Amino acid sequence: MTNRSADSSISGYSYQFLITIDHIISGRSDDKFIIEGIEDLDVVTTDEKCLNQYKYHPDKNLTNSLIAKPIILMLNHFLKNSDEQIQYKLFVHGNKNNYTLTRHGLKDILTLNIGEKFKRDEYSSGYKDETKLKKFLSKFSLVVTVGFEELEVIKKISEKLVLREEEVRLSLYPLAYKYINDFARKKNEKDRVITGNEFLIYLKGAQRTVDLLTLARIKGESNLIKYIKNELKGLNIKKNSSDHV
């Protein structure tokens, strides 16, 4: 693997985690998010399920061959679950060259050699069914993100928690990124599920931890213990000696 391909791979993972955080922060508090579910991020609301796939192709124009794999995989899922209320969204970081996926383009994708290994024999009739292809396109959205970067996510977090962007960049943003990365690595799907509210609670808890560490660094351990003792008194917790703390 060349250095360039390695860098591209790392940037691709970063893009996925960044936009995942963005979508969780931007969602409703009771929305359920499954990280690395059916797609990179499955968003479950009270009305429907939306399957988000993220692809990183910097400085590339969108073409049928470039997006053939994710399109066919989404189409396969649709053909198996066509009666369910599911939306399919493909987010691509690339050049905004006014590409749109039409029925003609979708049929062209299905004839490309690059997509042959992703097609399934049991869906062969569906690939030729004009009605089903049209229905899939009505449930599909293509979003091109140009210049998407961590600053956008930092701004979203700072607005949500009413914090300075610099403070978020230095503390909460790295913690949020690691949190999503750790979620994605969990083996069981049930352990990769989080609601918007749970993510917000984590960020607020992380901010409190950062505040305490800052207090300890600036004021010293004795002042930190004094602060925590006062907090415990406020909660009517009697075991608030220095040793206990």
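This report describes the nonpolar cores, the strand pairing and the setting of one asparagine in a predicted model.

## Basis of the model

Because the model is predicted, local features are reported only at pLDDT of at least 70 and side-chain atom pairs only at pLDDT 80 or more, whereas totals for chains, interfaces and linings use all residues. Residues are numbered from 1 along each chain as its sequence is written, and side-chain values rest on heavy atoms, with hydrogens and water left out.

## Nonpolar cores

A nonpolar core is here a set of buried Ala, Val, Leu, Ile, Met, Phe, Trp, Tyr and Cys residues joined through side-chain atoms within 4.5 Å, where buried means under 20% relative accessible area, exposed over 50% and partly exposed in between (1.4 Å probe, protein chains only). The largest such core has 32 residues, and those with the most contacts inside it are Ile21, Val153, Ile157, Ile180, Ile194, Phe199 and Leu203. At least two residues each come from helix 1 (3-26), strand 1 (32-35), strand 2 (41-44), strand 3 (49-61), helix 6 (150-161), helix 7 (165-184) and helix 8 (196-219); helices (H or I, at least four residues) and strands (E, at least two) are DSSP runs numbered from the N terminus. Helix 7 gives the largest share, eight residues.

Valine 153 is in contact (heavy atoms within 4.5 Å) with Leu18, Ile21, Asp22, Phe148 and Tyr173, leaving aside its neighbours within four places in sequence. Apart from this core lies another, of 28 residues, which includes Leu79, Ile109, Phe118 and Val144.

## Strand pairing

Two strands are taken to pair if DSSP finds at least two bridges between them. Strands 2 and 3 pair in the antiparallel sense over four bridges, with valine 43 having cysteine 50 of strand 3 as its bridge partner, and a hairpin of four residues joins the two strands.

Strand 3 also pairs with strand 4 (residues 86-95), in the parallel sense and over nine bridges; glutamine 53 stands opposite leucine 90 of strand 4. With helix 2 (residues 68-80), strands 3 and 4 make a right-handed β-α-β unit, meaning that, with the strands pointing away from the viewer, the path from the first strand over the helix to the second runs clockwise.

## Asparagine 95

Asparagine 95 lies in strand 4 and is partly exposed, with a relative accessible area of 27%. Not counting residues up to four places away in sequence, asparagine 95 touches Asp59, Lys60, Asn61, Leu62 and Val144. A polar atom of its side chain lies 3.3 Å from the backbone oxygen of aspartate 59.

Methods:
A polar contact is a pair of N or O atoms within 3.5 Å; within protein, one must be able to donate a hydrogen and the other to accept it, and residues adjacent in sequence count only if both atoms are side-chain atoms.
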